[in-house]
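I opened my notebook beside the viewer today. Here is what I looked up, entry by entry.

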Amino acid sequence: MTTDTDPEGRTGIFRTKSVEQSIRDTEEPEHGLKRSLSALDLTVFGVGVIIGTGIFVLTGAVAKETAGPATALAFVVAAIVCGLAALCYAEFASTVPVAGSAYTFAYASLGELPAWIIGWDLVLEFAVGTAVVAVGWSGYLRSLMDNVGWHLPQALSGTTPEHGFAFDLLAFLLVLLLTAILVLGMKLSARVTTAVVAIKVAVVLIVIVAGSFFIKASNYDPFIPPAVREPGESGLQQPLVQLMFGYAPTSFGVMGIFTAASIVFFAFIGFDVVATAAEETRNPQRDMPRGILGSLFICTVLYVAVSIVVTGMQHYTRLTVDAPLADAFKSIGHPWYAGVISFGAVIGLTSVCLILLLGQTRVFFAMSRDGLLPRFFSVTHPRYRTPYRATVLLGVVIAIVAGCTNIEELAALVNIGTLFAFVVVALGVIILRRTRPDLPRAFRTPFVPWLPALSVAASLWLMLNLPSETWLRFGLWMLLGVVVYWLYGRRHSRLEPGAPVPHRSH
């Protein structure tokens, strides 16, 4: 048992699951996923999930309130942080081509409890991310419906009245529809995503090309607005770095760029979801690094170009927060472009929800296959070879959350969850290089341990710029996760001595 599952001889909560064992688990007839994805599919998935709320929504809010035209630099800073993490993800995903992403990587390097913690964290990240984006999608669709005279009752529009409760019916139905698509198979999901991403990228290119003809150089003056120290938030609304060190992130100025980077970081969440599809990739050793790094590069170029064009079309002080791209074209007398952008946002955010939900189900599936969650949820559909039980459960729960959620309160939780995953993966690369130097690595992260250490530092810095209230909520979720692990996961883990080992076909 020790030789097979824990080559380092660890026991208890820090026992590791060997890479070889993880790969053998994918061969179980009832618990294995179908390999059908190519490098192009993975890149499309990455672009499909990254380009979404960030480019259609966050650009205006960040430019108007935090960074001005220098929002483009904030996107670059956030992309650098993600790029450091992406190099670490690429090594792990090509070395351990198993569903679960950072959870599986942590299980192979840090041990069972750290793996559980990161898996529990990813469940939160993807679930909340799906709900938040579904709410944003609903807002854009309602805007299009209003333009043609169709109006939902306020009680079903998600717009909370002064007294009473409102349910976001459109967000709820979207998540249920995407759940059905995921149950029917990964190749269908890839085809739907490819069509959606083509439309979305076309809309983004329209913004860049058409908007470039309306740029006024005066709108870039000043490119980095002078720093403004307004009365800060009080109590738990303060960034943690302010409570710890007395440093208050500013609006605008050079430091405002870094504050903005911690906000627009939400726009880059997604390339890590590509890693969750490693087990469903035909040639993961070759294609996973291409999909992860390629999608991140494409999206960074598009983000920077869009932010430069939009802040050049309209002065940052006049940008809107809800629909900055569409409203920028309205302000120059071209409402037709605004309609196209709103349509592109509706289509584009659909793919974001789909792929976030995909990542959520694959992490949950991997944890249940290891026994840390009930094995009932790791059974795959006999025809479609998808984890249909986990998908249906999570889809229904997230649909309800999306119907009732508040987008402002939950978006920061996605950021902190993703950054925490980045920290764990970077540490895992360093540890696995030392403990398993013999492993074949199709892609090797350069400058180990220095580059992963830099990734850890950059991720922690962005985490410290998030509100203390976000840290509190994240801490409570992690505490709940430890309790669940102690009461259930630790006792039912397949690495627990005496645990039943399922039959494998050879």
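Entry on a helix. I took the expected span of a helix as 1.5 Å times one less than its number of residues, with helices (H or I, at least four residues) and strands (E, at least two) read as DSSP runs numbered from the N terminus. Helix α8 (residues 169–183) has 15 residues, and its first and last C-alpha lie 22 Å apart, close to the 21 Å expected. I then listed its buried residues (under 20% relative accessible area with a 1.4 Å probe, protein chains only; exposed is over 50%, partly exposed in between). Among them are L170, A171, L174, V175, L178 and L182. An α-helix has 3.6 residues a turn, so residues three or four places apart point the same way. After α8 comes G185, with a positive phi near 130 degrees.

Entry on sources. Residues are numbered from 1 along each chain as its sequence is written, and side-chain values use heavy atoms, leaving out hydrogens and water.

Entry on the whole chain. I found 19 helices and 0 strands in the protein chain. Of its 506 residues, 60% are buried. For contacts (heavy atoms within 4.5 Å), I kept those with a separation of 6 or more, and 82% of them join residues 24 or more positions apart.

Entry on rings. I paired rings of Phe, Tyr and Trp (its six-membered ring) with centres within 6.5 Å, calling planes under 30 degrees apart stacked, over 60 edge-to-face and the rest tilted. That gave 20 aromatic pairs. One of them is F268 with Y303, edge-to-face at 5.0 Å centre to centre and 70 degrees between the planes. The partners are 35 residues apart: F268 lies in the loop between α11 (253–264) and α12 (271–275), and Y303 in helix α13 (residues 284–313). Are they buried or exposed? F268 counts as buried because its relative accessibility is 0%, and Y303 is buried at 1%. I also noted a cluster of Y89, F92, F105, F265 and F422, linked by ring pairs.

Entry on confidence. pLDDT is the predictor's confidence in each residue, from 0 to 100. The chain's mean is 84, and 88% of its residues reach 70 or more. Residues 1–5 stay under 50, as do residues 502–506. Where pLDDT is low, the predicted coordinates should not be read in detail.

Technical notes: Predicted model: local features only at pLDDT ≥ 70, side-chain atom pairs only at ≥ 80, totals over all residues.
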